[in-house]
Amino acid sequence: MTYTNRRQAGAVLARELGELAEKSPVVLGLPRGGVPVAAAVAEELHADLDVIVVRKLGVPFHRELAMGAVGEDGVEVLNDEVISSLKVTSEDIALTEQRELQELARRSARFRQGAARIPLEGRDAIIVDDGIATGATAAAACEVARAHGARKVVLAAPVAASQAIRRLRDHADSIVCPQITPDLGAVGLWYEDFRQVQDSEVVEILHAHR
């Protein structure tokens with residue numbers, strides 16, 4: 001099954017998340033493509049909508065491999081096992097943190113336009129993306145949401161690679177995904193309309209839901 005667009009995919013996803021509506025969750029879209037999907041989920045669940053801005057901390061000599069993640073309000077999660085096994089130095093970590101925190105601050109300012117982050121303490125967090133290929137960013141988002149005090153972390157996407165889902169079960173309390181496949185290919189192949197989401201669209205969506 002292919003989705004018409006991100007909003008239609010979000011409506012499909014919302015039907016599988018319906019039982020969470022009564023728990024007043026916070027729906028968190030991963031910018032940029034996950035935000036229109038998250039908006040449709042939030043509308044159906046009558047839930048708060050926000051973005052979750054995270055940056056993966058990639059190992060300096062193998063950036064696709066995550067050694068941790070950073071989020072807003074100074075939240076940091078480190079994978080001590082990866083750091084130790086690859087002998088990543090404290091200097092390497094500091095330089096990576098500095099670079100990613102700068103980009104995190106830039107993106108947060110652009111998307112939030114001065115609005116405060118919705119607190120997650122004691123609330124269920126539903127993290128939404130438009131598709132999951134490797135799962136690295138989704139894993140980082142789950143850990144950051146947990147560090148922000150989320151009571152339960154639910155990861156939701158319309159389509160995902162089965163390999164990624166297996167890895168993500170260690171990061172999320174539950175995963176909701178209507179289509180899990182070993183042959184994902186590009187996420188865009190699962191949508192009729194997969195046009196690029198602009199920063200301005202993310203800002204507009206968030207503003208409309210405040």
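Student: Is Y191 buried or exposed?
Tutor: Y191 counts as buried, because its relative accessibility is 5%. Buried means under 20% relative accessible area, exposed over 50%, and partly exposed in between, with a 1.4 Å probe and protein chains only. This is a predicted model, in which local features need pLDDT of at least 70 and side-chain atom pairs count only at pLDDT 80 or more, while totals for chains, interfaces and linings use all residues. Residues are numbered from 1 along each chain as its sequence is written, and side-chain values use heavy atoms, with hydrogens and water left out.

Student: How many aromatic pairs are there?
Tutor: The structure has two. Rings of Phe, Tyr and Trp (its six-membered ring) pair if their centres lie within 6.5 Å; planes under 30 degrees apart are stacked, over 60 edge-to-face, and the rest tilted. Y3 and Y191 make a tilted pair, because their planes are at 40°, with the ring centres 5.6 Å apart.

Student: Where do those two sit?
Tutor: Y3 is in the segment before α1 and Y191 is in the loop between β10 (179-181) and α7 (199-209), so the pair ties together parts 188 residues apart in sequence. Helices (H or I, at least four residues) and strands (E, at least two) are DSSP runs, numbered from the N terminus. Both Y3 and Y191 are buried.

Student: And which residue does Y191 pair with in the other one?
Tutor: F194, in a tilted pair with 5.0 Å between centres and 35° between planes. Y3, Y191 and F194 form one aromatic cluster. F194 itself is partly exposed, at 29% relative accessible area.

Student: What sits over the ring of F194?
Tutor: The charged end of R6, 4.2 Å from the ring centre. The criterion is NZ of Lys or CZ of Arg within 6 Å of the ring centre and within 35 degrees of the ring normal.

Student: New topic: why call β3 enclosed?
Tutor: Five of the six residues of β3 (residues 54-59) are buried, so the rest of the structure largely encloses this strand.

Student: What does β3 pair with?
Tutor: β4 (residues 62-71), antiparallel, through six bridges; strands pair if DSSP finds at least two bridges between them. β3 and β4 form a hairpin with two residues between them, and K56 stands opposite A69 in β4.
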